[in-house]
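Reader: Could we go through this model together? I would like to start with the charged contacts and then turn to the sheet.

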Amino acid sequence: MTVTTSALPLLFTEVEVVSVERLSPTFVRVGLGGPGLADFGVDGPRWDQRIKLVLPDPTTGAITSTEGADESWFATWSERSAAERGHMRTYTVRDVHGSGEDTVIVVDLVLHLEGDLVGPGSLWASTASVGDRIVVLAPRRGFPYGGIEFAPALGADLLLVGDETAVPAVCAVLEQLPDDATGTAFLEVPVTADVQDVRRPAGVDVVWLPREGRPLGVPLHDAVVAHLGIAGASVDVSPDEVDPDLWETPFYSSSGEDLPVGATGVGGTYAWIAGESKVVTGLRRHLVNELGFDRAQVAFMGYWRRGVAMRS
């Protein structure tokens, strides 16, 4: 039986940019709306829910077609040329406004516009205007979708860590936490002007770390290891040791490590760390190798790899 876009277990739909707000030198917030989002939704909190944006090709401006998409849509999409299919990138749902056909998904995009940081997501975000159209892959209400990694044990002390690419996810999590949550969030951003005012429970501290010209990841690494009790501890990670697809959580291992059966997390500290893969790799080694964090207590996610283009 052929399943069409109206019955796919996810939303694969063209949407319109309905709002654009420049939050700071590094962040742009866009609202994406359209009748195809009427069935958007997840069971339970969204936490760090990821979605995919299929961006127009930066040269041709062409956007991918969702017409007649069925269960084979991804294979069909992948076979197209980049100029025809556009570029797929992953983002966090920062917020959701409205409901039904008036649903608007809010996404914060990072502007990496210099040197080896430039990518199609940043280029699109830098010129996004109301009325622009792109394609979204997102969870359809009532169907499993995945894309949520934040899964602490009840009562765990939280350690949330991220660079600018993880700021939207951490802020989304902070704003959904229960009032009695405790912990600390460390967020590294390029400049002081990128610091945001984010709601969070009184028991959760948020530490912003503007780089202001320092090397990527250094402020974050130093602050986290000091917080965990070994100030000054360094971890040497050579470039060829970095997995650009780093994704190690209690429920998935990009390196093929054995997963704990029925992992649901344990008490104590729960660490959620995301950002540039080399920086995340260094923190992972520190937490797991030196501090003995259990696999069920940590989620390490390489959101991007400096100088390495993500597959589209």
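**Salt bridges and sheet**

Reader: How many salt bridges does a search of the whole structure find?

Author: The search finds 15 salt bridges. Please keep in mind that this is a predicted model.

Reader: Which residue meets Arg50 in a salt bridge?

Author: The partner is Glu149, with an N to O distance of 3.2 Å between the side chains. Arg50 belongs to strand S3, while Glu149 sits in the loop between S7 and strand S8 (157-162), so the pair links parts that are 99 residues apart in sequence.

Reader: Are Arg50 and Glu149 buried or exposed?

Author: Arg50 and Glu149 are both buried.

Reader: And what does Asp108 pair with?

Author: Asp108 forms a salt bridge with Arg94, and their closest N and O atoms are 3.5 Å apart. Asp108 is in strand S6 and Arg94 in the loop between S4 and S5, so parts 14 residues apart in sequence are tied together. Both of these residues are buried.

Reader: Where does Glu175 lie, relative to Arg94?

Author: Glu175 is in helix H4 and Arg94 in the loop between S4 and S5, so their pairing ties together parts that are 81 residues apart in sequence. Their side chains meet in a salt bridge at 3.1 Å, N to O. Glu175 counts as partly exposed because its relative accessibility is 22%, whereas Arg94, at 6%, counts as buried. Salt bridges with shared partners join Arg29, Arg94, Asp108, Glu175 and Arg199 into one network.

Reader: Let us change topic. What is the strand order in the open sheet?

Author: The open sheet has seven strands in the order S4-S3-S7-S1-S2-S6-S5, with antiparallel pairing. S4 and strand S5 (95-97) are at the edges with a single partner strand each, so one side of each has no neighbour in the sheet. From one strand to the next, the twist averages 35°.

Reader: How many bridges join S1 to S7?

Author: Seven bridges join strand S1 (residues 10-22) to strand S7 (residues 133-139), and the two run antiparallel. Within this pairing, Glu14 has Val135 in S7 as its bridge partner.

Reader: Which strands does helix H4 lie across?

Author: Helix H4 (residues 167-176) lies across S2, S4 and S6, and runs at about 35° to S4.

Definitions and conventions:
Residues are numbered from 1 along each chain as its sequence is written. This is a predicted model: local features need pLDDT of at least 70, side-chain atom pairs count only at pLDDT 80 or more; totals for chains, interfaces and linings use all residues. Side-chain values use heavy atoms; hydrogens and water are left out. Two strands pair if DSSP finds at least two bridges between them. Helices (H or I, at least four residues) and strands (E, at least two) are DSSP runs, numbered from the N terminus. Axes are lines fitted to C-alpha atoms, for helices over the stretch in contact, and angles run from 0 to 180 degrees between N-to-C directions. Contact means heavy atoms within 4.5 Å. A salt bridge is a side-chain nitrogen of Lys or Arg within 4 Å of a carboxyl oxygen of Asp or Glu. Buried means under 20% relative accessible area, exposed over 50%, partly exposed in between (1.4 Å probe, protein chains only).
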